[in-house]
Amino acid sequence: MDVIIEAFPDILQAFWLNIRLALYSGVLALVLGTLLAAFRVSPVPLLRLIGTVWVNTIRNTPLTLVITFMLFGLSYQLGVTFSDTISENVFWLAVVGLGVYTAAFVCEVLRAGINTVDVGQSEAARSLGFTFTQNLRLVILPQAFRAVIAPLGSTFIALIKNTTIAVVIGVTTAEGINESSGLMRTLIEFNGDQTILIFAVFALGFVIITLPIGLLTSWAAKRLGGVR
Amino acid sequence: MKSASGSVLYDVPGPRARARNMVLNVIGAVLIAAAGWYVYDKFAQDPKGPQTSQWDPEKWKPFLEGDTWDNFLLPGIEGTLKAAALAAVLAMAFGTLCAVGRMSTIRPVAWIAAAVIEFFRAVPLLIMMIFLWLAPTKLFGADANVFLAVVLALMFYNGAVIAEVIRAGVQALPRGQREAGAAIGLTNAQVMRLILLPQALRAMLPAIVAQLVVLLKDSALGYIIGYAELLRQGNNIATNNGNLVPALLVIAAIFIVMNLALTGLANWIERRTRRRGRTAATVGHADVVPPAAGTGAAL
């Protein structure tokens, strides 16, 4: 137990790092994913192509590889740097990797949501003379989003768990504390006799973070989902 | 959502819309070409010094040589497929067991199964994998077995997800199925084994195969604990040849091909089952969101 008490401030920081990764990349994924979904249903063939290629490429690539590529490809080779501080830079690269990856899933969830919107809605909008963007923005997407609150919640929960993979490019806080999977590994390495306890604390941490999100989104889905 | 233009979201383009789409196409093409040129240009130079262009044929040549394939890529593919295949079989067994347990009429069994499923779904795969990798050594002094750690972690997580898929499949079956079974004197266990499970498994097969794609992809996490799977082997190639970026791109391409093949299999199964009249779509249609939305969340 001493191990946990002693390392507790570090553990909190580690989890906070995961949560920050999830929040920033979640916003990025939502924006990019919505854009991609709009691309995939748009009347412009090239945009549809971009959406399809993006989704099929990213969705079939392991996240470990995507994040690794962010450091070695995007940063070292293409010269994209977000900050001169290494820990800051790596953090934002991980955010981009997670965001780009999750966007593909958000796009597919949203596209499924668009398909649940009654055909009459879109036909009514068109008969009023709405353009494609007006139709999507004012009629279709607001209804589609309501229909996919629960799956989007699952996507976000998966994203939070996926932030542990940021360990491959060594995401740390400014003080050099690893995110949770890295910290758990270090703690177990140095306190082998407490392995189960350490694992239980980290497992419980993720249950505590993800459980309310699941409950909240299913409540919101019932509340806002609408009747169809 | 189909109409003459292929979508109900917009009208069939007239002359003006066609012209506008054409302009957007051209602008998009120019932007893509610019981005492509930027990447090409940046890949051609190394920020740390000259003569290290990523387009240097020397960096790509290893992938055309038999030795690289014999010593790295093929063993890597084998390592990935071996772990994924074993984990897939075990996950199916574990998932079915958990699903049956959760739907058991014996309350304590149902509670335990529910707790197991929720636990393994909530804990990140990587955390589980690192624990299973370190625990045998730290607790029993046994040798660390990365293969087993990868397989078991994949089994627990994906098994728990598959359990929920199967449960959803069983719940979507018409109630008459269970009642008819009970009426002819089958026990609860017999109804589950002989009537409900076979139908649910078949109806949910596309969703289950989609989860197996996730499993195959997640096997790359073995890289982090040092299991000799494809990504690790790609890294080894890069260490020998100093060509990390080409290696990552080649590995990504191999992963994409493997996953597309598996996705193709899933689609083929879905078409086949649809011809027979029972699909995940007809089973899941009580949901507001079609099954595709549910599986899309599985990442």
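Predicted model: local features only at pLDDT ≥ 70, side-chain atom pairs only at ≥ 80, totals over all residues.
**Notebook: rings and helices**

I began with a charge: Arg20(A) sits over the face of Phe91(A), 4.6 Å from the ring centre. Such a charge counts if NZ of Lys or CZ of Arg is within 6 Å of the ring centre and within 35 degrees of the ring normal.

Residues are numbered from 1 along each chain, chains are lettered from A, and side-chain values use heavy atoms, without hydrogens and water.

Rings of Phe, Tyr and Trp (its six-membered ring) pair if their centres lie within 6.5 Å; planes under 30 degrees apart are stacked, over 60 edge-to-face, the rest tilted. Tyr24(A) and Trp92(A) are a tilted pair, because their planes meet at 50°, with centres 4.7 Å apart. They lie 68 residues apart in the chain.

Which chains does the pair Phe199(A) and Phe119(B) join? I placed Phe199(A) in chain A and Phe119(B) in chain B, so the pair joins two chains. The planes stand at 85°, so this pair is edge-to-face. Phe199(A) is buried at 7% relative accessible area, whereas Phe119(B) is partly exposed at 31% (buried is under 20%, exposed over 50%, partly exposed in between, with a 1.4 Å probe and protein chains only). Both belong to one aromatic cluster, which also includes Phe94(B) and Phe156(B).

Technical notes:
Helix = DSSP H or I, 4+ residues; strand = E, 2+ residues; numbered from the N terminus.
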